[in-house]
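Me: Please take a close look at a single part of this chain. I would like one connected account, with cut-offs.

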Amino acid sequence: MNSQCEPNAHSSIEKCAEYARDAVVRGVHIAGMDTAWFKARKKEVKTSDEKLAFAIGRDRTTVTKIINGTIRFDIAFVDGFASILQVTPEELLSRVGVGMTSEQLPEANATVMQFEGESLERPNENLPVWGSGLGAARLFEGEAVEQTDLNSGSVLEYVRRPAILAGKREAYALHVQGSSMHPALPDGEIVAVCRNRPLSTGDNVVVYLRDSDDDDGQRSRGVLVKELVRRSASYVELRQYEPRLDFRVPMSDVIRIDRILTRREMMT
């Protein structure tokens, strides 16, 4: 632990909180993982390590080690953990901080220095571009459909965050692969994507598919980048342009659906 946040150090609570946030962003292990809280919260919301692993694209063993504090908690895990545990990202981060209460810290003997620039409370203004590649075609209703391999653990670069996604931790970008959505989404184009946004007919979407080979969470995830035609309780109907094809995917094969921002949204 950084000496600035040891109980006998002359440091403010704000200083320790700042150190904790910075450490999480760097992806380093932080002492004080609140294992008891994580286990109690899992029991309270009736979830499991398997569901948490699915949410962050890792295996169950990795999640167990994260909760026990034996391996690092990476900033990339925040949204997945928070959604499954039904807490805010801020509350989740408070459980992987330096692990000290205000009673354990000495009284602050300094004032907070003001610096120029953005607040540390705001998410990074740059949008991560996740690794993507053209995957093997997948059969739906007997038709071969172009699929994309998406690796959320690999950040290729960072691009400017559209204003509409300010403060949205669940946003990301990717390179469109293949020609199935040409000319609307040509091969190689970068698109901005966001989770938990309302979906409408005609939206371009990223559909996360369950892996038929029991994905261990360490490999790329198969997704479909297509147009949304309609949704029902039992299926989602999608459209690609080259070759023109409408097809249905059973909801039992769908993990989640993220919406791709339109060009107009990205420019406002």
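Reply: A nonpolar core is a set of buried Ala, Val, Leu, Ile, Met, Phe, Trp, Tyr and Cys residues joined through side-chain atoms within 4.5 Å. Buried means under 20% relative accessible area (1.4 Å probe, protein chains only). This is a predicted model, where local features need pLDDT of at least 70, side-chain atom pairs count only at pLDDT 80 or more, and totals for chains, interfaces and linings use all residues. Residues are numbered from 1 along each chain as its sequence is written, and side-chain values use heavy atoms, with hydrogens and water left out.

The part is helix 5, residues 78-85. Helices here are DSSP runs (H or I, at least four residues), numbered from the N terminus. The chain has seven helices. Of its 268 residues, 43% count as buried.

Within helix 5, the buried residues are V78, G80, F81, A82 and L85. They pack against helix 2 (35-44), helix 3 (49-56), helix 4 (60-68) and helix 6 (89-94). Contact means heavy atoms within 4.5 Å.

Now the core. The largest nonpolar core has 19 residues. F38, V63, F73, F81, L85 and L92 have the most contacts inside it. Helices 2, 3, 4, 5 and 6 each give two or more residues to this core. Helix 5 supplies the largest share, four residues.

One partner shows the packing by residue. V63 touches F81, along with D49, L52, A53 and I56. That list leaves out residues up to four places away in sequence.

Last, the end of the helix. Q86 follows helix 5, and its phi is positive, near 60°.

Notes: Buried < 20%, exposed > 50% of the residue type's maximum accessible area, 1.4 Å probe, protein only.
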